[in-house]
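Thank you for making the time this morning.

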Amino acid sequence: MTAQRVRNMFGLQRSGVALLTVLMTLVLISTLAVASRLSSTAGVRALESDLHRTRARWQAEGCVAQMLSALNTEMERSGGNIWNRLDTIAEFPVGAGCSLEFDAVGRVRGLSQYDSSGLARLFRATGVENDRSAVLVASLLDWADGDDQPRARGAETDWYQEKRRLGPRNAALRTMDEMKLVRGFESIQFFYDTVASVLRIDSAQVVLAHAPAPVLLALPGISDLAALQLASISDRLQLIDAVAQQLRAGAMGSAASVTAELTAWDVRVHQRVVGSNEPLRLSYRIGRTKTRVAILEISELR
C-alpha cells in the first residue's frame, strides 16, 4: 500500500470520526434543549399550582371571616341560643367555590376511648354484621399495637405485604385518613358513610344531644343487653333521655365521658382550587364566650 493511500485512508477515518462527533454533539444539544424546555414547563406548572392553592387558601379564609361575622351577629341577636344548632342553620354567607360543614365536638368519641367490646358494639350498632365487626376491631387493634402477632381475625405485616399494601404503624393512628389503610376499611363509601360518622381520632366528652344513636349505644358501661333494650327505642330523643336516666342512676358506671354542654364546633371548609379536582380542605375549631364566637385552632385536612 502506498503512503498516499495510507494518508487518504486515515484522512477519511478522521473525517468520519469528526462527523460522528458533530452528530453526537447536536443530539446532546437537542436533548438538553428539550429537557430544559420540559423542566421549565414543569416548573411553571408547579408555580401555577402553588399560586392557585395559595389563592384558594385566601378565599377560604375570607369565607370563614364572612361566616364568623354573620354568626356573631346572630349570636348577639339570639342571646347565644343558636349555638347548639349551628348544624341545622340553612346557610351562612360565603364566597364563590366555598362550602361549610358544621360538626359538634363531642358528637362522637375518639378511637382511644374504646376498648375492643365497645368498638364491636359501635360497629354493630351501625348495622355491620358480627363477622365483619370482628375483623374491623381486630385489624384496628393489630394496626396500633406494638407487635407483629396477628389476632384471630386481624392482620399484621405479613398480611399487608402479601396484599402489596402499606403495613401497620404498630402505634396509635394519627389521622382518620390513616384508618383507610387498615384491613376492612378500604371502601371509601363504607368509610365515609359509616365509620367517619361515628368515630374520630381525637378524644372528647360525648355531648348527649348531638351524639348519634350508635355512639350512645356504645357508651362505656352499657352492656350488650342494655344496648339491645335501648336500641328498641325508635325515637332518638327518647333514647337520649333513657341514656341520661341510666347515667343519673349510676347504671352505666362513670359518667365522666359524657356531658350535656357543647363547648366547640369543628367547621370544615371546602374551597375550590382552580385547575384541580381536589378542593382545599381546612378545619376550624370554634368556641364561644357568652354571645361571641372565636377560632380556637386551624388545621388542613388531607
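Let me start with a question: what covers the buried residues of helix 2? Before I answer, a word on where the values come from. This is a predicted model, in which local features need pLDDT of at least 70 and side-chain atom pairs count only at pLDDT 80 or more, while totals for chains, interfaces and linings use all residues. Residues are numbered from 1 along each chain as its sequence is written, and side-chain values use heavy atoms, with hydrogens and water left out.

Now to the answer: the cover over the buried residues of helix 2 includes helix 3, helix 6, strand 3 (199–200), helix 7 and helix 8. Helices here are DSSP runs of H or I with at least four residues, strands are runs of E with at least two, and both are numbered from the N terminus. In helix 2 the buried residues are Gly118, Leu119, Ala120, Arg121, Leu122 and Phe123, where buried means under 20% relative accessible area, exposed means over 50%, and partly exposed lies in between, with a 1.4 Å probe and protein chains only. After helix 2 comes Gly127, with a positive phi near 105 degrees.

For the chain overall, the secondary structure comes to 9 helices and 8 strands, and 37% of the 302 residues count as buried. If we take contacts (heavy atoms within 4.5 Å) between residues at least 6 apart in sequence, 61% of them join residues at least 24 apart.

That brings me to the nonpolar cores, a core being a set of buried Ala, Val, Leu, Ile, Met, Phe, Trp, Tyr and Cys residues joined through side-chain atoms within 4.5 Å. The largest has 45 residues, and the members that touch the most others are Leu140, Met179 and Phe185. Two or more residues come from each of helix 2 (116–125), helix 3 (130–144), helix 5 (176–179), helix 6 (188–198), helix 7 (213–217), helix 8 (224–231) and helix 9 (236–249), and helix 9 gives the most, with 6 residues. Setting aside neighbours within four places in sequence, Met179 is in contact with Leu111, Leu140, Leu173, Phe185, Phe191, Val195, Leu199 and Ile201. There is also a second, separate core of 27 residues, including Ala56, Phe92, Ala104 and Val269.

Next, the pockets. On a 1 Å grid over the protein atoms alone, a pocket is an open set of points where a 1.4 Å probe fits, with protein on both sides within 12 Å along at least five of seven lines, and lining residues have an atom within 4 Å of a point. The largest pocket has a volume of about 890 Å³, a volume being the space filled by probe spheres set on the points, which are joined across faces, edges and corners. Of its 32 lining residues, Met176, Arg200, Arg268, Ser283 and Leu301 are the closest to the centre. By class, this lining has 12 nonpolar, 6 polar and 14 charged residues, where Ala, Val, Leu, Ile, Met, Phe, Trp, Tyr, Cys and Pro count as nonpolar, Asp, Glu, Lys and Arg as charged, and the others, Gly among them, as polar.

The second largest pocket has a volume of about 170 Å³, and its lining divides into 9 nonpolar residues, 1 polar and no charged. Leu111, Leu140, Leu173 and Ile201 are among the residues that line this pocket, and helix 3 gives the most to the lining, with 3 residues.

Finally, the loops. Most residues other than glycine have a negative phi. Arg164, however, has a positive phi near 55 degrees; it lies in the loop between helix 4 (157–162) and helix 5, and is exposed, with a relative accessible area of 81%. Lys290 has a positive phi near 60 degrees, lies in the loop between strand 7 and strand 8, and is exposed at 72%. Arg272, in the loop between strand 6 and strand 7, counts as exposed at 53% relative accessibility. Arg272 and Arg53 are 219 residues apart in sequence, with their C-alpha atoms 9.0 Å apart in space.
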